There are 2 protein chains.
Amino acid sequence: MRSLHHRVDLLRVCAHHVRIHILEELCSGVKCVSDFEEFLQISQPNISQHLNLLRRHGVIDYYNDGRLRCYFLKDPIVPDLLAVLKKDYIEELPAPACCPVTKKGKYPGNRKH
Amino acid sequence: MRSLHHRVDLLRVCAHHVRIHILEELCSGVKCVSDFEEFLQISQPNISQHLNLLRRHGVIDYYNDGRLRCYFLKDPIVPDLLAVLKKDYIEELPAPACCPVTKKGKYPGNRKH
DNA sequence: TAAAAATATTATTATATTTGAATATATTTG
DNA sequence: CAAATATATTCAAATATAATAATATTTTTA
């Protein structure tokens with residue numbers, strides 16, 4: 001299992017709208033930097049910075065093809081992570097049954113109060 | 001489905017070692033602030049700040065029980081998200097077959113170069 | 001080989017996040 | 001009701017992250 005540090009690190013790296021967008025596009029295959037320019041409304045250097053960050057953290061990798069740099073997903077968690085984020089949930093988790101949110105309840109632990 | 005904004009927001013809120021730890025503990029049930037003090041090596045005000053952040057973003061909620069404040073999970077995505085993060089993967093995703101990482105390959109899109 | 005194309009790097013500035021310290025509030029108990 | 005307990009709030013300082021602007025590097029092509 002990933003260490004806590006590694007798990008947090010992965011979340012931090014993914015927690016940005018540009019990088020999530022990049023990862024979602026990469027789920028459908030290899031893309032080069034200028035492909036990203038087509039749908040990200042940010043500067044090319046900024047795209048490079050985000051790609052570099054993702055790569056440094058082991059989330060993506062690339063190969064060079066002439067003057068194109070082609071990026072692809074490397075960490076297999078990415079599709080699963082994105083799938084969870086897109087999953088629909090009907091309801092909130094129920095408040096603990098013994099102690100409804102609206103009234104005072106008894107704390108379920110072993111303290112006196 | 002959650003909006004991109006909402007998905008990023010959730011990741012940002014979870015992407016901190018203290019908050020991940022809090023959420024993992026909450027997966028096993030209700031906890032009050034002083035319970036968190038037992039395993040988080042940070043000050044009580046700092047714990048409150050993290051709890052407040054999680055609550056403001058709809059991830060957790062609480063009920064009061066006397067002078068105890070009992071927190072619980074609210075957003076049903078949390079257990080699924082944490083489960084994915086803990087999942088073990090044997091291998092990295094393969095580099096695109098047509099263009100191995102170590103040699104130059106052909107870009108699979110429809111550009112000239 | 002010079003120009004064009006694709007991408008990266010660096011430094012700077014702007015902004016957001018995190019922590020720490022001090023203090024405040026609410027509830028219970030003696 | 002005063003003290004103790006449990007927790008929250010606020011503000012400031014420290015730190016991290018992000019965007020911008022300017023420029024550099026690499027590869028291809030004319």
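Predicted model: local features only at pLDDT ≥ 70, side-chain atom pairs only at ≥ 80, totals over all residues.
Residues are numbered from 1 along each chain as its sequence is written, chains are lettered from A and ligands numbered from 1 in the order in which they are written, and side-chain values use heavy atoms, with hydrogens and water left out.

I start with the interface. Chain A puts 57 residues into the contact and chain B 56, where contact means heavy atoms within 4.5 Å. Between them the two chains bury about 5,000 Å², 67% of it on carbon and sulfur atoms; buried area here is the accessible area (1.4 Å probe) that two parts lose on being put together, summed over both.

Across this interface the rule finds six salt bridges, a salt bridge being a side-chain nitrogen of Lys or Arg within 4 Å of a carboxyl oxygen of Asp or Glu. One salt bridge joins A:Lys74 to B:Glu92, with the closest N and O atoms 3.8 Å apart. A:Arg7, B:Glu24 and B:Lys86 are linked in a salt-bridge network.

Now the whole structure. Over all chains, the search finds 12 salt bridges. In one of them, the side chains of A:Asp75 and A:Arg2 meet at 2.9 Å, N to O. A:Asp75 sits in the loop between strand 3 and helix 5 of chain A, and A:Arg2 in the segment before helix 1, so the pair ties together parts 73 residues apart in sequence. Helices (H or I, at least four residues) and strands (E, at least two) are DSSP runs, numbered from the N terminus. A:Asp75 is buried at 8% relative accessibility, and A:Arg2 is buried at 12%. Buried means under 20% relative accessible area, exposed over 50%, partly exposed in between (1.4 Å probe, protein chains only).

Within helix 1 of chain A, A:Asp9 and A:Arg12 lie three residues apart, about one turn of the helix. Their salt bridge has its closest N and O atoms 3.3 Å apart. A:Asp9 is buried at 13%, whereas A:Arg12 is partly exposed at 45%.

Last, A:Glu24 forms a salt bridge with A:Lys86, at 3.9 Å between the closest N and O atoms. A:Glu24 belongs to helix 2 and A:Lys86 to helix 5 of chain A, so this pair ties together parts 62 residues apart in sequence. A:Lys86 is partly exposed, at 34% relative accessible area.
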